Amino acid sequence: MIYKKSMVALLLTSLALVGCGGNSSSTTNLQNSDSSNSSTTNSKKNPSLHILPIMSDEDGNFSDAKATYTLTAKEGVDVTIETPNGNWITPMWRYNDSPLPLVIKANRGDYMTLKFNNRLSSDSTIHWHGFKVPAKEDGGPDFPVKPNESRTYSFKIDQPASPLWFHPHPDMQTGKQVYMGLAGVFLVEDNISKELERTNHLPSGNRDIILLVQDRRFDNEKNGVRELKYMNYEMDSDGMLGDVVLVNGSEFPNLDVSTTQYRFRLYNVSNAKNYDFAFSDGRDFTVVATDGGLLKNPVKLNHIKLGAAERVEIIVDFRNDNVGDSIKLISRAFADDMMGGMMNMNNNNMEYEGRTPNGTEVNIMNFTVTKNSEDNVTIYKTLTDKAEISKRLDPNSADNIGNEREFIMTMQMGSNMSSGSMKFLINGKLFDPNRVDEFIDANSTEIWKITNNSPMSHPFHAHATQYQILDRDGVPATGVDLGWKDTFLVKPNETIRVIGKFEPVNKGDYMYHCHILEHEDAGMMGYFRVGNSGHIK
Ligand code: C2O
Ligand code: CU
Ligand code: CU
């Protein structure tokens, strides 16, 4: 029922992301239509990139501003992991038995009704990462859904087109549940994004592709099965880092492309890993969106660093490539996280198998140019000032000028000198589910000062709304830092200031936390209350 194949959904699916040429199931591992004849290329050993399946609106009508979905979380869904070195089966936790992470696509103005059935053996929730919704619909740990129970989330989408996502957020189990495979993509579209596609100012259709990047650690093979391995406290003070980087579920996959421009919605949904994305030939790409939506002015770069939970949309140009060429997307080597790894030196146990530290160069995926095609897309240069997405929040409009709200992130060695006893703190405190840490007036605009006084980078995330970076260590934001964001990678000894406007929809108790999920689960998190009431006493 969930995947009812209505014509509308099919049409939408092929228009939007998949271009599946009549393949009517939205749940199977769809291949991009450009990738059907890859056997003759030199990328023969790379598995083909899976295109993530878009769920269909259960009422069968994508355009009626009402969207109805069901997500059933389950353990033990057998997934085939494809790699250049052969395939294996891994039992994972998934929504709706789907072997691949699911995609929900909705329009600004839609009223969402999402039923969540928890068939796990532990509490869970669904958190709508990056959404502006009332706290009680936000899926935080304060509203757990017990095993074999259900709950329905309902909210109106009223924010700009953006690459959002969803994932479990139960108390102390978020890292485990996301790691086991529970996370999905939520694309919001609006009139601006649709118009840019319609007028060929953004690539669309099967040249608009989601890339979900996640690292994992697998146990040794037993009868074709490799179980996921989770957390070894002796080696994982940086959070859970694996040695296999999956893109849409496969290791180092290949996408066959034509000599055109592509829009990639690049998601870092790893538990703890930072990537410095770049191309093997050093080519430029154009960033057109950050976490919270389109950039007013696209920015050309040749690499971009994304911490866990950060997203960008990039345009990659293959028009000057020749049929037969192949280009890799890599994560470049970088150094600013060395101290995080150094912490582990305190351990007698130097077992690093299954763990690729942050900053190691790694192959992400491959592109093979397989055909010449026409391209009539000219990337937009600037969005109209009138668009909400183009507006910069004015620091002079903040309600807390001169009294900026501070968040200081620290790490403290525990008594027994092992990384497993490391404490991860914000403002000197560990998370307490019964305590609200920060109180914010309804409908106010605030400047937050976020400081990292620890030896490793932390991706600071706040719920409730989308924020803008004002400055980093006093240097005013430029380039991609001008985009709307919900997650900010803060380097060791760095202070960033961000500004956020709490909207009428924001009511109740929301979270802020490090999005290294193991740090969050260990208590690097707090509640902030918007308005004068919340459910925490
Ligand atoms: Cu994506 Cu509170 O998290
Ligand atoms: Cu969130
Ligand atoms: Cu952290």
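Buried means under 20% relative accessible area, exposed means over 50%, and partly exposed is in between (1.4 Å probe, protein chains only). This is a predicted model, where local features need pLDDT of at least 70, side-chain atom pairs count only at pLDDT 80 or more, and totals for chains, interfaces and linings use all residues. Residues are numbered from 1 along each chain as its sequence is written, chains are lettered from A and ligands numbered from 1 in the order in which they are written, and side-chain values use heavy atoms, with hydrogens and water left out.

Q: Why is isoleucine 327 called buried?
A: Its relative accessibility is 4%, and the limit for buried is under 20%, so isoleucine 327 counts as buried.

Q: Where is isoleucine 327, and what does it touch?
A: Isoleucine 327 sits in strand 21 (residues 326-331); strands (E, at least two residues) and helices (H or I, at least four) are DSSP runs, numbered from the N terminus. Leaving out residues up to four places away in sequence, isoleucine 327 touches residues including Phe279, Phe318, Met365 and Val369, where contact means heavy atoms within 4.5 Å.

Q: How do you know whether histidine 458 and histidine 519 are buried or exposed?
A: Histidine 458 has a relative accessible area of 0%, so it is buried. Histidine 519, at 1%, counts as buried too.

Q: Which protein donors does the copper ion (ligand 2) have?
A: They are His127 (NE2) and His461 (NE2), 1.9 Å from the ion. This pair links distant parts of the chain, with histidine 127 in strand 7 (residues 127-129) and histidine 461 in strand 27, 334 residues apart. Both histidine 127 and histidine 461 are buried.

Q: Why is aspartate 97 called partly exposed?
A: Its relative accessible area is 41%, which lies between the two limits, so the label is partly exposed. Aspartate 97 is in the loop between strand 4 (86-95) and strand 5 (103-107), and it has a positive phi of about 60 degrees although it is not a glycine.

Q: What makes asparagine 443 partly exposed?
A: At 49% relative accessible area, asparagine 443 is partly exposed, because exposed requires over 50%. Asparagine 443 lies in the loop between strand 25 (438-440) and strand 26 (445-452), with a positive phi of about 50 degrees although it is not a glycine.

Q: How do you know that strand 17 and strand 18 pair?
A: Two strands pair if DSSP finds at least two bridges between them. Five bridges join strand 17 (residues 285-290) to strand 18 (residues 293-301), and the two run antiparallel. One bridge partner is leucine 294, for alanine 289. A hairpin joins strand 17 to strand 18 through two residues.

Q: In which sense does strand 6 pair with strand 3, and in which with strand 8?
A: Strand 3 (residues 66-83) and strand 6 (residues 111-119) pair in the parallel sense over nine bridges. Strand 6 and strand 8 (residues 150-156) pair in the antiparallel sense over seven bridges. Methionine 112 in strand 6 stands opposite alanine 67, and methionine 112 also stands opposite phenylalanine 155 in strand 8.

Q: How many helices and strands does the protein chain have, and what share of its residues is buried?
A: There are five helices and 34 strands. Of the 537 residues in the protein chain, 62% are buried.

How values were computed. Donors are N, O and S atoms within 2.8 Å of the metal (3.2 Å for Na, K and Ca); water is not among the atoms, so sites may look incomplete.
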